[in-house]
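Please walk through this protein from its surface to its charged pairs. Keep the model open as you read.

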Amino acid sequence: MGKTLIRVLWCLLLAGFLTWLAILLWAGHPATAWLTTRLVIAQAVAFPALLAVAGAGVLITALLVALRSRTSTITRCLAGLTALACAASTLLAVIDPYGAVRYGAGGVPAIGCVNVQTYRVTTYNALDTLTDQSLARLLADQPDFLVLPEVSPDTPALAGGVPGYQVFASTSEKIHIAPTLTLVSDRLGTYTAQEMPMTFGALMLAPENEDTGHPSLLAVHTAPPVPAYMQQWREDLATIDRLAREEASLDLIAGDFNATLLHGSLASYSGARSLLGVDAALATDQVEGTWPVGGVLGMRAPIDHVMVMQGAPAGGKETTYQQVGESDHLAVSALVDLCR
């Protein structure tokens, strides 16, 4: 009975690390997209480095068992296979979890583009703690778009408007969560906003005069992948995916996705293999965690994104991160290129 239980344990460990390896190698595949939006798995894959640390411990144990001559052949084989799967997934989770290298995520070459324009897009989940000082820091580099999930329209920092910017506010289905605000620079001309269905508020922003050639932007804030909101989270990610595929004129998506590039359909934004676009941080190989600020055992999950939709080129030039105010999110600012 003891040997059977041990073998079952090794079979479960082997299946687990093979699944993790499949998620890393084939993120975005219908099977892995479904898996990564299930409770427990969704939370686990948010921190690849943390899984890599756990994998290193299993790897050492598996190697010791596989090399132990007095262990049964079947158990040694299971331990050896587990060690191989564990080594491969751990190495991948450390060096290239989101596919920056494997997928050539530098964007699409500027074939036939004679007018490349650069825009700065910043997103910051303020957790409804936006102050005058925080807003001043976010506007210091004069972003063209500033996406602010969880900011009340009546917050004192926005009293009287923001000089040089148009302010748009969504609504939130949950009264205890502030809506999503977006600031659009007056340099881009007059913009209009349309509410999109999303748990914590989303806006589709587009230039009133399309002839300006300036980009449209979808500002988002999805539900979090916690037990009470799992279904809403999946629906919010599906809404982003649907709009990305159906809205041909959509140029940028930014905000708090509450998901990494391993979750659900977000792997669709992974560079050269993408049919949609590319994450600006991935394109510049500058992916850093944004939540929580203090980290989980020192590790943060990259859940705040600036997505550059497919075009020539569709990519990023630089991505920077900064801690602003009292929020548990870092602010993300990306300088991106679009072919107009």
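Start with the term patch: it is made of residues with over 30% relative accessible area and no salt bridge, where like charges are joined within 9 Å and nonpolar side chains (Val, Leu, Ile, Met, Phe, Trp, Tyr) within 5 Å. Accessible areas come from the Shrake-Rupley method with a 1.4 Å probe, and for residues only the protein chains shown count as cover. This is a predicted model: local features need pLDDT of at least 70, side-chain atom pairs count only at pLDDT 80 or more, and totals for chains, interfaces and linings use all residues. Residues are numbered from 1 along each chain as its sequence is written, and side-chain values use heavy atoms, with hydrogens and water left out.

Now the overall form. The protein has eight helices and 14 strands. Helices (H or I, at least four residues) and strands (E, at least two) are DSSP runs, numbered from the N terminus. The C-alpha trace spans about 75 × 50 × 30 Å along its principal axes. For 340 residues, a compact globule would have a radius of gyration near 20 Å, and the 22 Å of the protein agrees. That radius is taken over C-alpha atoms, and the globule rule is 2.2 Å times the number of residues to the power 0.38. Of the 340 residues, 54% count as buried. Buried means under 20% relative accessible area, exposed over 50%, and partly exposed in between (1.4 Å probe, protein chains only).

Turn to the helical spans. An unreviewed UniProt entry places the feature "transmembrane region" at residues 40–65 and 77–95. UniProt positions are given in the numbering used here, feature names are shortened, and annotations may be inferred rather than shown by experiment. Residues 40–65 are 88% helix and 0% strand, with end C-alpha atoms 28 Å apart. Residues 77–95 are 100% helix and 0% strand, and their end C-alpha atoms lie 27 Å apart.

Leu91, Val94 and Ile95 form a nonpolar surface patch, with about 310 Å² of accessible area together. Val94 sits in helix H5 (residues 73–95). Val94 is exposed, at 56% relative accessible area.

Next, the cysteines. A search of the whole structure finds zero disulfides; a disulfide is a pair of cysteine sulfur atoms within 2.5 Å. Cys77 is partly exposed, at 46% relative accessibility, whereas Cys86 is buried, at 0%.

Finish with charge. The whole structure holds five salt bridges. A salt bridge is a side-chain nitrogen of Lys or Arg within 4 Å of a carboxyl oxygen of Asp or Glu. Arg120 and Asp141 meet in one of them (3.6 Å, N to O). This pair links distant parts of the chain: Arg120 is in strand S1 (residues 116–123), and Asp141, 21 residues apart, is in the loop between helix H6 (132–138) and strand S2 (145–149). Arg120 is buried, with a relative accessible area of 12%. Asp141 is partly exposed, at 35%.

Glu318 also forms a salt bridge with Arg120, with the closest N and O atoms 3.0 Å apart. Glu318 is in strand S13 (residues 314–323), 198 residues from Arg120.

Within helix H7, Asp241 and Arg245 lie four residues apart, about one turn of the helix. Their closest N and O atoms are 3.1 Å apart in a salt bridge.
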